[in-house]
Amino acid sequence: EIALVESTRLLFGLLRQQIYKLEKLAQANSCDFGQAASIHHEAEDIRQQCTEFLRYVKVFIFRYLEPHKAVDDKPLHPYEEHEAHLPSLLVEELYALTLYIGHLCELPSNILGSFTMQNQGKVFPPSWHLLHLHLDIHWSVLEILHILGE
């Protein structure tokens, strides 16, 4: 429950590593049909891990983050001090994440082509998962910022 407070930068760094891994899978664009299913599952797992992390951030903020209290003269516990800085740290990390993934229109054409992809028996290429991860991230960032603004 406290990992987000104590390791915010590390967790967002791991998220960016997973996105990078999915980008590399999408760039490989292997035509080996024997590996298509395993590559699909690897890409799907990466996307799922990333979206679960962003869901964890939303749930953590909603359940555990208390509204900012007035500053007293009494010293804060180190955890409470970290927690008090969490909203601004999250905004920084979300901004860095949006800079990292960029705008949807900046995606390569082979990734954007996934918008028009027909259902191929539920085995999608990594480019499809990367495109949908970008959509998931943009939507989650909006949700998290909304929750923080309440």
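Helix α2 passes helix α3 in a left-handed crossing, where left-handed means that the near helix is turned anticlockwise from the far one by less than a right angle, and right-handed that it is turned clockwise. The model is predicted, so that local features need pLDDT of at least 70 and side-chain atom pairs count only at pLDDT 80 or more, while totals for chains, interfaces and linings use all residues. Residues are numbered from 1 along each chain as its sequence is written, and side-chain values use heavy atoms, with hydrogens and water left out.

**The α2 and α3 pair**

Helix α2 covers residues 8-28 and helix α3 covers residues 36-64, and the two pack at an angle of about 155° with their axes 10 Å apart. Here the axes are lines fitted to C-alpha atoms, for helices over the stretch in contact, and the angles run from 0 to 180 degrees between N-to-C directions. The helices α2 and α3 are therefore roughly antiparallel to each other, in a scheme where angles under 35 degrees count as roughly parallel, over 145 as roughly antiparallel, 65 to 115 as roughly perpendicular and the rest as oblique. On the α2 side the contact is made by Leu11, Phe12, Leu15, Gln18, Ile19, Lys21, Leu22 and Leu25, and on the α3 side by Ile39, Glu42, Ala43, Ile46, Gln49, Cys50, Phe53, Leu54 and Val57; contact means heavy atoms within 4.5 Å. By class, this contact of α2 with α3 has 13 nonpolar, two polar and two charged residues, with Ala, Val, Leu, Ile, Met, Phe, Trp, Tyr, Cys and Pro counted as nonpolar, Asp, Glu, Lys and Arg as charged, and the others, Gly among them, as polar.

Glu42, found in helix α3, touches Lys21 and Leu25 when residues up to four places away in sequence are not counted. The C-alpha atoms of Glu42 and Leu25 are 8.9 Å apart in space, although the two residues are 17 residues apart in sequence.

In α2 the residues Ile19, Leu22, Glu23, Leu25 and Ala26 meet Pro126, Ser127, His129, Leu130, Leu133, His134 and Ile137 of α6. The residues of the contact of α2 with α6 divide into eight nonpolar, three polar and one charged.

Helices α3 and α6 pack at an angle of about 0°, with their axes 10 Å apart, which makes α3 roughly parallel to α6. Among the residues of α3 that meet α6 are Ile39, His40, Ala43, Glu44 and Arg47, and those on the α6 side include Pro126, Trp128, His129 and His132. By class, the contact of α3 with α6 has 14 nonpolar, five polar and five charged residues.

**Individual residues**

The table gives relative accessible areas, with buried meaning under 20%, exposed over 50% and partly exposed in between (1.4 Å probe, protein chains only).

| Residue | Relative accessible area | Class |
|---|---|---|
| His129 | 2% | buried |
| Pro126 | 10% | buried |
| Pro125 | 23% | partly exposed |
| Glu42 | 37% | partly exposed |

His129 has its place in helix α6, and its side chain is joined to that of His40 by a polar contact of 3.1 Å; such a contact is a pair of N or O atoms within 3.5 Å, of which, within protein, one must be able to donate a hydrogen and the other to accept it, and residues adjacent in sequence count only if both atoms are side-chain atoms. Leaving aside neighbours within four places in sequence, His129 is in contact with Leu22, His40, Ala43, Glu44, Arg47 and Phe124.

Pro126, likewise placed in helix α6, touches Leu22, Leu25, Ala26, Ile39 and Ala43, not counting residues up to four places away in sequence. Pro125 lies in the loop between α5 (109-112) and α6, and the C-alpha atoms of Pro125 and Ile111, 14 residues apart in sequence, are 9.8 Å apart.

**The chain as a whole**

The protein has six helices and zero strands, where helices (H or I, at least four residues) and strands (E, at least two) are DSSP runs numbered from the N terminus. Of the 150 residues of the protein, 34% count as buried. Among the contacts with a separation of 6 or more, 78% are accounted for by residues 24 or more positions apart.
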